[in-house]
Amino acid sequence: MLHTPPTFTPLMAAQAHPDPLTFLFHHGRLLVREADLALPDAAALSALDLDPALLQPVGLLGERYCQAGWSEREEAPPGYAWRGLRSLFFGDMDEALMGVAGRAAQIAEWARTHRYCGACAHPMERLWHERSFKCTHCGHLAYPRISPAMMVLIKNGDKVLLALHHASAAKRFTPLAGFLEAGESIEEAI
């Protein structure tokens, strides 16, 4: 099960660290080393000629600083590949890294899609005291999107109702789950 590790501490402000864990995304796919699914090292990041302004603070995993960003380059450095997070669930990636990767993916996508104001199209500026962007022209604030979801386990004695998602490559049975529509209660979604 994907969860935030107990050794993780979220951060709003970037920190200087000699060897950060960098979760780098391209079209929702994470850059990992093909041999062992490790995150990119400094040499791989350098090969992408990444703009440091595209990196956002995520937090600390133990004492290791984590940052997230995105790359516009489709070609991965030699020995690396862009992989969807779902495909890494069943791989050999460290479970704690997977937990932080989910959070990093959301932060990177939020930062990528909020470079410019949705109200007046001027550049946005990252605020360091909270996770938000502010328009330098009209003052509009943009926070990461929260998408409430529900999950329910329906029981009848010692039996449970599970669903099989036919479009999923994993073909696993799961409890019933889904996202809530705007204004819909959890009870209504169930």
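The helix α3 gives the most to the lining of the second largest pocket, with four residues. Helices (H or I, at least four residues) and strands (E, at least two) are DSSP runs, numbered from the N terminus. This is a predicted model, in which local features need pLDDT of at least 70 and side-chain atom pairs count only at pLDDT 80 or more, while totals for chains, interfaces and linings use all residues. Residues are numbered from 1 along each chain as its sequence is written, and side-chain values use heavy atoms, with hydrogens and water left out.

The lining consists of F25, H26, H27, G28, W70, S71, E72, A105, A108, E109 and R112. Two or more of these residues come from each of β2 (21–26) and α3 (95–113). By class, four lining residues are nonpolar, four polar and three charged; Ala, Val, Leu, Ile, Met, Phe, Trp, Tyr, Cys and Pro count as nonpolar, Asp, Glu, Lys and Arg as charged, and the others, Gly among them, as polar.

On the scale of the protein, there are four helices and 15 strands. The C-alpha atoms fill a box of roughly 55 × 45 × 30 Å along the principal axes. Of the 190 residues, 35% are buried (under 20% relative accessible area, 1.4 Å probe, protein chains only). Among contacts (heavy atoms within 4.5 Å) between residues at least 6 apart in sequence, 60% join residues at least 24 apart.

Notes: On a 1 Å grid over the protein atoms alone, a cavity is a set of points where a 1.4 Å probe fits but cannot get out, and a pocket is an open set with protein on both sides within 12 Å along at least five of seven lines; lining residues have an atom within 4 Å of a point. Buried means under 20% relative accessible area, exposed over 50%, partly exposed in between (1.4 Å probe, protein chains only).
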